[in-house]
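Dear colleague,

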Amino acid sequence: MMEHIPLDFPFLAAALLVGISFYIIIFKKNLIKLIMGIAMLASGVNLFLVSLGYRAGGNAPIYTDVPEGTMVMSVPQALTLTSIVINVAVLALMLTMVIRIYRHTGSLDSEKSRKLKG
Amino acid sequence: MAALITHAPILIIAIPLLAAFLTPLIGMASSKARNAFVVVSLIFTVFLVFTLAKDVAINGIHVYTLGAASPDLSLPTGFIVPVRIILEVDGMAVFFSIIWSVVSLAAAIYSLSHIASETGQNRFFTLLLLMVMGGFGLMFTGDLFNLFVFLEIASISGAALIAYRTKFADTQEGGFKYIVVSAIASLMVLFAVGLLYGQYNSLNIAYLAQVIQYTMLDKIALALFLIAFAMKTGMVPLHLWFPDAYSVAPASITGMLVITSHACMYAAFRICFTLYGSVINAPVVGWIIIIFGLLTMFVGVTMAVYQKDVMRFMSYHAISQLGYMWVGVGVGLAVLGNPELIATYGRDAMSGGIFHILNHAMYKPLLFFTGGALFHYTGTRDLTKMGGLAHKMKWTTILYIIGTLSISGIPPLNGFSSKILIYESVYQFHPILTITGIIVSILTLASFTKAFHSAFMGAELPEYKGVKEVPRSMIIAMVILAAGIIFITLFPSLIVDSTIHPAADALIDPKPYISAVTGAIP
């Protein structure tokens, strides 16, 4: 099936994800939706990194019993894994802060829960 | 000793990292032992940074390859591209790491009594050491992806520290804003790294700088990098989160956050001057940086004039001061392609901008620490409610005066020596830059005088009868920074010759940085 998908299709998907997530981050007022926007931005960037590493017909870089043909450089996959782990930490921290903001102010609306101004 | 110097770059990163995870274990046994452990590990890091700085000054760029048989083996045998993770320390990196080590030591000492009444102190110091480690990694790394990782480490621990006092609602809001901005900025950095990796199949800054073409994708990547780092440093118009996050953090952390924003500035310089150094359209990017730098200077100070919250007022001044550095280095970037202009005033403008980073890194944390000292006993950050505190807090008053005179550029203090260097050199580039700089400086003095008057002067207020001088460790931390200010004031030319000029030269000429990793350029 893979050969029927144009190679730049994943890049378009990544660009679409990044675009939508920036729309969400800028225009949505609910803090949970803001976090979802950041999660989408992270997914878009990760998809971009993974699709950079894709080589049609390449082999996994495992050196035992290696078949003939090109071997795929594993750096983008390693980057993506690291980035996923980091983003889990970031999202968890954001959610804990939102829980505390909700406890203190009783609102998730970024206009109503604001204390700091000027 | 030789082995210590060889392995110093990784030790400077590894010692705070290991200490971070040992801290809670020691803290379970005794909190006094934990405090001593944190301070001793940071003092050892400061010592290592200074030995490394001396070595870099004598022997040039220090390259450390992780996982290689020998640390200076940046290219594996038979390879022409670097594949391992490389730490690369040049004059610029070492300059920023000196600032970071001194301020983080002062911040840790200050925290010992500043957060003494809070719960969860073990975790506070763990996060503080992690933040120190992230900052050092950001300065030393020679690899774009590690830049992203260390940026995230510093941001996550920084955000958690801002929100450390969970009993207040505003700390949660400030921490949340900081983490949102950091997450967006670092994902933009990651996207830009992906764009570069997709074209050149490498993550190493030195190798990329050698092969970069300045295609359309490279320009997009440059824009993403600059926007991300400008956002993290709080450049106008991306500064709205900055006073919110800085004013609610514990004062020691605010002092460190100032330096993380300098670290992001370092990353922006590294991208502009080293990574894109050979291909960048220097006048255009330089002018963009200068214009936004001027805006930053002016908007920051005008917003600061009417603030009533002491920490918020100082945060807006931090924004305004960051503008001076952008203008100084931006002028250097704008004339980068022209060796004559670089020699007449470009190098001096950049030296002025970089010197101002050093001065700002001494007096701004000092001022934030005095603001924290005011908050420590009065329990309020509102300047209108304070008054007459000079009667009780003599040390804090004297240290505040030193910081104020320095930030306003009153001769002969250190703020004056860097500002005069900027004024004289950028005047030859465009007079309007100097005029704006002087106006901003006057407004700075005016607003600090006002704040001084409302917090320290006047009769003793009845509600602050019980106020006494802040605990000794807070005084020691502030005295460390004030001693730095006085040292720079007394020996400005020594500092400029030994640290500022090597840093500026490392920016102007990226070739040594590149050839230290990839060998001689063909």
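This is a predicted model: local features need pLDDT of at least 70, side-chain atom pairs count only at pLDDT 80 or more; totals for chains, interfaces and linings use all residues.

Residues are numbered from 1 along each chain as its sequence is written, while chains are lettered from A and ligands numbered from 1 in the order in which they are written.

The contact (C-beta atoms, placed from the backbone, within 7 Å) takes 27 residues from chain A and 27 residues from chain B. On the side of chain A that touches chain B, the elements giving two or more residues are α2 (31-53) and α3 (75-105) of chain A. The largest share of that side, 14 residues, comes from α3(A). Helices here are DSSP runs of H or I with at least four residues, and strands are runs of E with at least two, numbered from the N terminus.

In chain B, helix α15 (residues 394-407) is mostly covered, with 10 of its 14 residues buried. A residue is buried if 20 or more other C-beta atoms lie within 10 Å of its own, exposed if 12 or fewer, and partly exposed in between, with C-beta atoms placed from the backbone. Among the buried residues are B:L399, B:Y400 and B:I402. Their cover includes α13 (310-334) and α14 (339-378) of chain B. Just after α15(B), B:G409 takes a positive phi of about 70 degrees.

Finally, B:I80 lies in the loop between β1 (62-65) and β2 (86-89) of chain B. B:I80 is exposed, because 9 other C-beta atoms lie within 10 Å. Its C-alpha atom is separated by 7.5 Å from that of B:T518, 438 residues apart along the chain.

Notes:
Two residues are in contact if their C-beta atoms, placed from the backbone, lie within 7 Å. The expected span of a helix is 1.5 Å times one less than its number of residues.
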